[in-house]
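Please look over the sequence and the structure shown below before reading on.

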Amino acid sequence: MSESVAFSPAIGSFLARAHKGEARELLARQGLPQRRLEAWRYTPLRDVDRIGFEQPAPVSLGEAEALLARLAPEARSGSRVVFVNGVLVPELTRLPEAVVLTALEAPLLADRPLSVLNSALQQPGLSLTVPAGMEAGQICLVSLVSGEGPVSTHLTHQVTLEKEATLTLLDIQSGEGAYLANPSLTVSVAEGAHLTHLRVQQDDVQAANLTLVNASIAEHGTYDSFTLTLGARLSRHEVLAHLGGKHATVHVNAAQLLAGTQHADLTSVITHAAPDCNSRQTVKNVLMDAAHGVFQGKIYVDRIAQKTDGYQMNQALLLSEKAQIDSKPELEIYADDVKCSHGATVGALDDEQLFYLRARGVPYETAKAMLVRAFLLDALALVTDEAAYALLDQRVEAWWLNREG
């Protein structure tokens, strides 16, 4: 590759910081994904490509503590791992003794642009193993960004659950200022293990967030995930889930609440590569103003994956004439004994329900909030942990009050 080649501002700044190797060469050759790629037709990265991102400056311990208290108050107690501007803050990190920190060996997925970008600029992130049979409780993974001017972070995380281990990972991504957060998480769930992954994305409205999760689930294992998207001007949450053993289960559920000109994309590819596996995906969108939501969900069923049970549903509530949703659920099935379904609905608030509430003395904004909460209930109810449900509910309520207040 010739260094004299003219690159876009983003690619030029990334290559100046990138590690040598295949990922760097792919990044130089491919650039950031644009509309010509089918998987990115709804979420091209033109605006991101025009920005020259810098390395974020380190922050003091006092500044990190203040950021944590302000942006992730849920992590004030209990086990946690804290990153600020792409760097671990050991003074704010505490883990259960039996949880083992391991060497990072995140794979490069050459056909996934987010993997290429992350691999080229990879920063060491959370890399832990939960030993066989251990109930590790909840660990909070906090990733915060703060700084002047456009900066970017590229944390690479890896979580491994050994046989019959359990873990709840509360993944909070937030920040202040103009930045790009580009984290990658590789998940390995062994036989009979259970990982609950609760992700809250509430980045600054000037920021962009591009997250990739690559999960492998073994026989009788479960990866149960829920993502709440509230922040970022532009975001994409991409999930690749591979069900590789009999009776494996994956849930990729989400709620997106967007306003202004926010754009949020949830893209998933769930691969059933073994018999008797289950996948569930319920995604709810609440879109205000000129916000734009995207759902692309694909269930792929291999020939060997008989008795597959797969389900996808995307529902959008448009609270403005300018709000829009692009929904593209897909099934690709090569087995003949399966139960798979998908669907999508789009609508506005029900005028009759609003009238009913207002006729009983409920103020308009309160009635509106009640109906939005009722719409989201099916998605939030999929989070069975009471503390986690309360956390998500509080974030939703605070977001709504901020928008309506």
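Predicted model: local features only at pLDDT ≥ 70, side-chain atom pairs only at ≥ 80, totals over all residues.

Once the residues within four places in sequence are set aside, Ala-218 is in contact with Val-189, Ala-190, Glu-191, Gly-245 and Ala-248. Lys-163 lies 55 residues away from Ala-218 along the chain, and the C-alpha atoms of the two are separated by 9.3 Å.

Another loop residue, Asp-203, is placed between strand 11 (194-202) and strand 12 (208-217). Its relative accessibility is 5%, and Asp-203 therefore counts as buried. Leaving out residues up to four places away in sequence, Asp-203 touches Gln-173, Ser-174, Gly-175, Tyr-179, Asn-209, Gly-231 and Ala-232. Between Asp-203 and Thr-384 there are 181 residues of separation in sequence, and the distance in space, from C-alpha to C-alpha, is 25 Å.

Most residues other than glycine have a negative phi. Asn-85, however, has a phi near 55°, a positive value in a residue other than glycine, and Asn-85 is found in the loop between strand 1 (79-84) and strand 2 (87-88). Asp-276 likewise has a positive phi, near 60°, and is found in the loop between strand 16 (263-272) and strand 17 (278-287). Are these two residues buried or exposed, or something in between? Asn-85 has a relative accessibility of 3% and so counts as buried, whereas Asp-276, at 26%, counts as partly exposed.

From the loops we can turn to the helices. Two packed helices are described by the angle between their axes and the distance between the axes. In helix 1 (residues 9-17), the buried residues are Ala-10, Ile-11, Ser-13, Phe-14 and Leu-15, and the buried residues of this helix pack against helix 2, helix 3 (46-49), helix 5, strand 6 (151-153) and strand 9 (179-181).

The packing of helix 1 with helix 2 has an angle of about 165°, with the axes 10 Å apart. Since angles over 145 degrees count as roughly antiparallel, helix 1 is therefore roughly antiparallel to helix 2. The crossing of these two helices is left-handed, and the contact is made by Ile-11, Phe-14 and Leu-15 of helix 1 together with Arg-24, Leu-27 and Ala-28 of helix 2. By class, the residues of this contact divide into 5 nonpolar, no polar and 1 charged.

Helix 2 (residues 22-30) also meets helix 5 (residues 113-120), where the two axes come within 8 Å and cross at roughly 125°. That angle makes helix 2 and helix 5 oblique to each other, and helix 2 passes helix 5 in a left-handed crossing. On the side of helix 2 the contact involves Ala-23, Arg-24, Leu-26, Leu-27 and Gln-30, and on the side of helix 5 it involves Val-116, Leu-117, Ser-119 and Ala-120. The residues in this contact are 6 nonpolar, 2 polar and 1 charged.

A further helix pair is formed by helix 6 (residues 351-359) and helix 7, which pack at an angle of about 130° with their axes 9 Å apart. Helix 6 is therefore oblique to helix 7, and the crossing of helix 6 and helix 7 is right-handed. Gln-353, Leu-354, Leu-357 and Arg-358 of helix 6 make the contact with Tyr-364, Ala-367, Lys-368, Met-370 and Leu-371 of helix 7. This contact consists of 6 nonpolar, 1 polar and 2 charged residues.

Which residues touch the most other members of the largest nonpolar core? In that core of 45 residues, they are Phe-226, Leu-257 and Leu-376. Helix 7 (residues 364-380) contributes the largest share of this core, with 7 residues. Apart from its neighbours within four places in sequence, Leu-376 is in contact with Ala-255, Leu-257, Lys-284, Val-286 and Val-396. There is also a second, separate core of 34 residues, which includes Val-99, Leu-167, Val-213 and Ala-215.

Technical notes:
Residues numbered from 1 in each chain as written. Heavy atoms only, no water. Axes fitted to C-alpha atoms, helices over the stretch in contact; angles between N-to-C directions. Helix = DSSP H or I, 4+ residues; strand = E, 2+ residues; numbered from the N terminus. Parallel < 35°, antiparallel > 145°, perpendicular 65-115°, else oblique. Left-handed = near helix turned anticlockwise from the far one by under 90°. Contact = heavy atoms within 4.5 Å. Nonpolar A, V, L, I, M, F, W, Y, C, P; charged D, E, K, R; others polar. Core = buried A, V, L, I, M, F, W, Y, C linked by side-chain atoms within 4.5 Å. Buried < 20%, exposed > 50% of the residue type's maximum accessible area, 1.4 Å probe, protein only.
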